[in-house]
Amino acid sequence: MNSNPHHNFPRPLITALQMAQHVVVLTGAGISAESGIPTFREAQTGLWAQYDPQELATPQAFRQNPHLVWEWYAWRRNLVARAKPNPGHLALAVMEKRVPQFTLITQNVDGLHQRAGSQNIVELHGNITRTKCFEDGRIVTEWAENGEIPPRCPRCGGLLRPDVVWFGERLPVNVLRTAVSTAQSGDIFLAIGASAIVQPAASLPLEAVRRGKITIEINPSPTPITPSMHYPLSGPSGRILPALVQAAWP
Ligand code: BV8
């Protein structure tokens, strides 16, 4: 089904985008769904179907079974490497070029926004393509592949782990501070493909509402923040975002 380029968006929404000085976007796993990356809501596929991501994405799970958690991330890294940015990611990269200031806050760890050409990205939960030492938290770019899984830190011999924020771990302080201040300072806030459940990310759109920003949600399903949004747009971001960018900046 080709997207309808003249999707009838409310006129005030289009005008608000055209007049905006600073557009702030929060994306969740939903924006990568059309790139073939399963969201946390969907059951994992294949071997991982019997695991709950929220059980695996924790320091406890890693301590208990580092081999399993490392293999899960290796599977996801492989999935991400084979995936491509979809029209939703690409439309955000175009939108960034059309407005004076643009901040893209993402909960995703797949790096697809970077690959789509977005520039000003705030990675709330880290990035699965980066690896760090579980002991000292410092990034490691190469290590001896001697068959041991997980591999070990070349500096201290500690186990290596993905550079992502696990459940129960704090978000990097500077990252969260930037995300909150931009949600407060932008004039438009778009929440795209986020289930608005995971904290503290889920509080960002509501902070924008509290500060009287114009708020837009793009999601095929309702979420806890839908009732608070000025413009809840129901549908897949891979279709709605290109149509929205086309309507605002033909
Ligand atoms: C912290 C990286 C504090 C790892 C992620 C109760 C008990 C235990 C903990 C808590 C609790 N209450 C709150 C917490 C804290 C917890 C939390 O929020 N839990 C939730 C489950 C209630 N939060 C944390 O632990 C955070 N840290 O609070 O620390 C602290 C204080 C002091 C000392 C120590 C600690 C850390 C949270 C970060 C966790 N890491 N990711 C990895 O990826 O492996 S979160 C991970 O899940 C994702 O990054 C993402 O953020 C989240 C999944 O959410 P979504 O992105 O929204 O994706 P989801 O699948 O849920 O939904 C997809 C959406 O897309 C849906 O709405 C769907 O309709 C939509 N969609 C589908 N298709 C499309 C689409 N939309 C558009 N287009 C489409 N085509």
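Which loop holds the place of Pro-150? Pro-150 is in the loop between strand S5 (139-140) and strand S6 (160-164). The legends below refer to a predicted model.

View A. The ligand sits in the largest pocket. Around the ligand there are 33 residues, and those that come nearest are Phe-40, Arg-41, Tyr-73, Gln-107 and Ser-195. By residue class, the shell around the ligand divides into 15 nonpolar, 13 polar and five charged residues.

View B. Tyr-73, one of the nearest residues, has an N or O atom in its side chain 2.6 Å from an oxygen atom of the ligand. For Asn-219, the corresponding distance from a side-chain N or O atom to an oxygen atom of the ligand is 2.7 Å. Gly-193 takes part through its backbone, with an N or O atom that lies 3.2 Å from an oxygen atom of the ligand. The ligand taken alone exposes 1,500 Å², and the protein buries 74% of that area.

**View C. Domains and helices around the ligand.** Both domain 1 (1-37 + 85-125 + 171-250) and domain 2 (39-82 + 135-164) contribute to the shell around the ligand, with at least three residues from each. Helix H2 (30-33) supplies at least two residues of this shell, and so does helix H5 (66-82).

**View D. The cis peptide bond at Pro-150.** The peptide bond that runs from Ile-149 to Pro-150 is cis, and its omega is near 0°. Pro-150 belongs to the loop that links strand S5 (139-140) and strand S6 (160-164).

View E. The peptide bond from Gln-199 to Pro-200 is cis, with omega near 0°. Ala-196 lies in the loop between S7 and H9 as well. Although Ala-196 is not a glycine, its phi is positive, at about 55°. Most residues other than glycine have a negative phi, and most peptide bonds are trans.

Key. Residues numbered from 1 in each chain as written. Predicted model: local features only at pLDDT ≥ 70, side-chain atom pairs only at ≥ 80, totals over all residues. Heavy atoms only, no water. Near = heavy atom within 4 Å. Polar contact = N/O pair within 3.5 Å; in protein donor to acceptor, adjacent residues only side chain to side chain. Areas by Shrake-Rupley, 256 points an atom, 1.4 Å probe, with all protein chains shown as cover. 1 Å grid on protein atoms, 1.4 Å probe; cavity = no way out; pocket = protein on both sides within 12 Å on 5 of 7 lines; lining within 4 Å. Sits in = over half its atoms within 2 Å of the grid points. Helix = DSSP H or I, 4+ residues; strand = E, 2+ residues; numbered from the N terminus. Nonpolar A, V, L, I, M, F, W, Y, C, P; charged D, E, K, R; others polar. Domains from an automatic or database assignment.
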